[in-house]
Amino acid sequence: MIKTVVRVGLPVGEDLHIRKNRLSPQTGGPGRRVSIVTGTHGDELEGQYVCYALQRRIQAQPELLRGTVDIYPALNPLGLNSVTRGIPGFDLDMNRSFPGQPDGDMNEAVAAEIVQDLLGSDLCLDIHASNIFLTEIPQIRINELHAAQLLPLARLANVDLVWVHSNATVLESTLAYSLNSRGTPTLVVEMGVGMRITKSYGDQLVDGIFRLMAELGVWRGDVPEVRAPVVSQPPEEVAFLNAPVSGIWLKHLDHGARLRAGDVLGEILDPLRGQVLCAVTAPVDGWLFTVREYPVVDQGSLLARILPGGER
Amino acid sequence: MERQIVYESRSLYRDDFRVTGFAFGQGEPAMCIVGSMRGNEYQQLYICSQLVRRLGELEAQGRLVPDRQILVIPCVNPYSMNLQKRFWCIDNTDINRMFPGYALGETTQRVAAGVFDQIQRYQYGVQFSSFYMPGAFVPHVRIMKTGYEDREMAVRFGLPYVVLHAPRPFDTTTLNYNWQIWDTKAFTLYTASNSRVDRPSAHQAVEAVLGFMADQDLLRYHRHGSFYLSRVVESEDMIALRADRAGFFESFVVPGQEVEAGEDLARILDPYLGTEQSRVTAPAAGTVAFVRDEAMTYESTTVVKLIPSDD
Ligand SMILES: [Zn+2]
């Protein structure tokens, strides 16, 4: 059943609606609740396919549903409609506006209503697609603060990597932090790249969602085998590679590549002079789990993240 | 006056990115003034350009106190100003959310680190800034309650209000916060406008800064114009009044105006019918601190802020 979670008046003859679809079991009570949230950043579209594919598979065997699945495909409908990452008209990052304030400004009030609606879920998945600049291996990011509760769940989600961050980098104004710190376990998925849909990643994550639903007793059918993710935890350090000069980035290796120290990941070019400004090499052996997709770089632009170490 | 490059980096197709500073006098780093960090902060740039002009004149007249150095950085982000974009050109990040910066990090972290490295040892720091909401403000000094803030000194700018506010999580990455943490007495000044130049308010800001410098014995100078005995208010005591409908926004008041409890401050008109949809009314007597200055408003958006009366 489609429900409007938030409604706000826009200036000229239009209301903003943030909607969810609630899938309920055919028999018995509502059971436990899994919430799938995406579309916070209007330029990230990987979650759109996940919302669709998950529902198609549930609709094929609705009698196996033993709990509630709430699907929120578009927390930022205006951003999705206008290829805008943030909230159009305000130039604000919606994922820096949580937990919001019920009596605050429009964006704060919207954020507060979203949090209110999601609280009480037994599990929430917040699906992101990096941004238009970077491509990511399917991964879950967890803050160290909530690792004890979230890591066992993250291992079931059929992602390739679980990256546990040190709590020095905690961002308190994200949706995930707001929910986790209020007792609603929330996993942040990052996968693929902005402005695109990678169907294979979507299908991979949907398998993981079924595995998680089975774990919580929300799904009674057979579930696919899930892969065991690589888990990176502090004090292990991820290597960040930033552009040493401005130019045009030409990537040589794709995300997911296994690297030896010294391998060339890509080059930064000067098309005006027909020159290579620099070759970017791996500082360590490791796994290329993030790589830059967008060719234009400023000095400092992120090019890659590498998880050090060999095969695990 | 000495013109200097505070930070620079190369671009592929644009002129070099340069943050330019203007130093007056020599010796102890005494006072640093920073203007626009976002591409639409024209008023902030204008004020700093006027300060550079006035300080140049005062230096030529021998009015600077010896062994004290003053640095003005009118603009930290010329790239964004030149394309009329509020945040960083390529990734839309905000330099004023990147302090103290990181020299090996992303582009705007590097800009913040490069600038902060040059300005962190000053005794006093002044930043001209803006809010994300479009509107006109009553001129005020804003200081963050870090435990190091100095409200008595903030009063010496002689602006009508000093607003104290408790830092929220994202405030810890602003210049003001980091200045304070690193022992600079930091003040953020807000004037009437942002993306439009308001000359009377800019003039008031220039006099406020010069008067403050005279007070701190950095300058031999007599303040022109009015010196207010600033009222110190907590930001949480300000009353935010929101539009309960979307539509055309018409205000009846201007910043600085005194209003009575029950007075109508603004109204919202239906965008198609032209009829009045709702009114914004003062719940208490006070002074208007902020008024939205856009033609239209969304629903439940702050359109007026009031500072309640003392009594
Ligand atoms: Zn995102």
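The model is predicted. Domain 1 of chain A brings 15 residues to the contact, and domain 2 of chain A brings 14 residues.

## The domain interface

Together, domain 1 and domain 2 of chain A bury about 1200 Å², with 70% of it on carbon and sulfur atoms. On the domain 1 side, Phe133(A), Leu134(A) and Thr135(A) account for 42% of the area buried against domain 2 of chain A, more than any other three residues.

Polar links are also present. There are 8 residue pairs in polar contact between domain 1 and domain 2 of chain A, both residues at pLDDT 80 or more. Three elements of chain A give two or more residues each to the domain 1 side: β6 (134-143), β7 (161-165) and β9 (230-232). The largest share, 6 residues, is from β6(A). Sorted by class, this side of domain 1 of chain A holds 9 nonpolar, 3 polar and 3 charged residues.

The rule finds 1 salt bridge across the interface. Arg305(A) and Glu136(A) form a salt bridge through their side chains, at 2.9 Å from N to O.

## An open sheet

In chain A, 4 strands make up an open, antiparallel sheet, ordered β14-β13-β11-β16. Because β14 (275-281) and β16 (296-297) of chain A are at the edges with a single partner strand each, one side of each has no neighbour in the sheet.

Strand β11 (residues 247-251) of chain A runs antiparallel to β16(A) and is joined to it by 2 bridges. Gly247(A) has Val297(A) in β16(A) as its bridge partner.

Note on methods. Residues numbered from 1 in each chain as written. Chains lettered and ligands numbered in written order. Heavy atoms only, no water. Pairing = 2+ DSSP bridges. Contact = heavy atoms within 4.5 Å. Buried area = accessible area lost by both parts, 1.4 Å probe. Salt bridge = Lys/Arg side-chain N within 4 Å of Asp/Glu carboxyl O. Polar contact = N/O pair within 3.5 Å; in protein donor to acceptor, adjacent residues only side chain to side chain. Nonpolar A, V, L, I, M, F, W, Y, C, P; charged D, E, K, R; others polar.
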